[in-house]
Amino acid sequence: MKNRILCFLVCGVMIFFSCQEEERELIDPNTDTTIPVDSQLAGLMTKVSIHDGSYDDIVDRGNCFSVNLPYSILLDGQEYTIDELGDYNTLSNTNRIEISFPITVTLSNHTIQVIENLDMLIDLRSMCQIDDDDIECIDFLYPITFSTFDSVRNRLDTKEVDHDSEMFQFMSGMDQNVSVSINYPIQLVLHNQERVEAQHNSGLEESISEAATACDEGDVL
């Protein structure tokens, strides 16, 4: 009886360590799918997922945030509602534009903030820089799935990301104790709407790096 119990315990221990080894093999830090926390690729992916606030600069004059739709402005003294992106095409720098407050804005880190008046908007503008970190010339096509392994908890998991806000939070919150691996292939779309496919980390890093300076972002301050 004792021998059976001992045999059972030994088998249980062997199975446990075998499972742990299999989990580690699924995310091998030496493969071209695992993303080191402080790597150039992790930084590039974070910059791609930063919220681009430059598309409405003709109104808010701040490239590090955007005004959430819908909202109203005075356009050359007449009330005008902006409720879709195409409305910005009707505006020009010769128009006299005044924002009707309060407005809600989305910051570069995807957080939401209420702006009550022009003074608050001017303070927010002062935080923007013309050479901002976001990479606007390429975008991820979602969903993208990651595999993670927590070496402290010995836990293998998956994470599906469906939006830039989720990607930004996931990449900027990476933990040294958690190995992160992309489940390739993934697709990205360039500023000219051409799609590219990445099969591994080196290909993804190359695509983002090439696109980083491939188009005129046209930020206004």
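In helix α5, the buried residues are Asp-164, Met-167, Phe-168, Phe-170 and Met-171, where buried means under 20% relative accessible area, exposed over 50%, and partly exposed in between (1.4 Å probe, protein chains only). The model is predicted, so local features need pLDDT of at least 70 and side-chain atom pairs count only at pLDDT 80 or more, while totals for chains, interfaces and linings use all residues. Residues are numbered from 1 along each chain as its sequence is written, and side-chain values use heavy atoms, with hydrogens and water left out.

**The chain as a whole**

The protein chain contains six helices and 12 strands. Helices (H or I, at least four residues) and strands (E, at least two) are DSSP runs, numbered from the N terminus. Of the 221 residues, 37% count as buried. The chain exposes about 12,900 Å², and carbon and sulfur atoms supply 50% of this area; accessible areas come from the Shrake-Rupley method with a 1.4 Å probe, and for residues only the protein chains shown count as cover. Among the contacts with a separation of 6 or more, residues 24 or more positions apart account for 60%. Contact means heavy atoms within 4.5 Å.

**Helix α2 and its surroundings**

Helix α2 is mostly covered, with seven of its 10 residues buried. These are Leu-41, Ala-42, Leu-44, Met-45, Thr-46, Val-48 and Ser-49. They pack against β7 (138-140), β8 (144-150), α5, β10 (178-182) and α6 (201-211). The buried residues of α5, in turn, pack against α2, β7, β8, β9 (155-161) and β10.

| Helix pair | Angle | Axes apart |
|---|---|---|
| α2 and α5 | about 150 degrees | 8 Å |
| α2 and α6 | about 50 degrees | 10 Å |

Axes are lines fitted to C-alpha atoms, for helices over the stretch in contact, and angles run from 0 to 180 degrees between N-to-C directions. Angles under 35 degrees count as roughly parallel, over 145 as roughly antiparallel, 65 to 115 as roughly perpendicular and the rest as oblique. Helices α2 and α5 are therefore roughly antiparallel to each other. The angle between α2 and α6 makes α2 oblique to α6.

The crossing of α2 and α5 is left-handed, and α2 also passes α6 in a left-handed crossing. A crossing is left-handed if the near helix is turned anticlockwise from the far one by less than a right angle, and right-handed if clockwise.

Where α2 meets α5, Ala-42, Met-45, Thr-46, Val-48 and Ser-49 face Asp-164, Met-167, Phe-168, Met-171 and Ser-172. By class, this contact has six nonpolar, three polar and one charged residues. Ala, Val, Leu, Ile, Met, Phe, Trp, Tyr, Cys and Pro count as nonpolar, Asp, Glu, Lys and Arg as charged, and the others, Gly among them, as polar. On the side of α6, Gln-40, Leu-41, Leu-44, Met-45 and Val-48 of α2 meet Asn-201, Leu-204, Glu-205, Ile-208 and Ser-209.

**Two residues in detail**

Asp-164 lies in helix α5 and is buried, with a relative accessible area of 17%. Not counting residues up to four places away in sequence, Asp-164 touches Val-48, Ser-49, His-110, Asp-139, Phe-140 and Tyr-142. The C-alpha atoms of Asp-164 and Thr-46 are separated by 9.1 Å, although the two residues are 118 residues apart along the chain.

Val-178 is in strand β10. Apart from neighbours within four places in sequence, Val-178 is in contact with Thr-148, Phe-149 and Asp-150.
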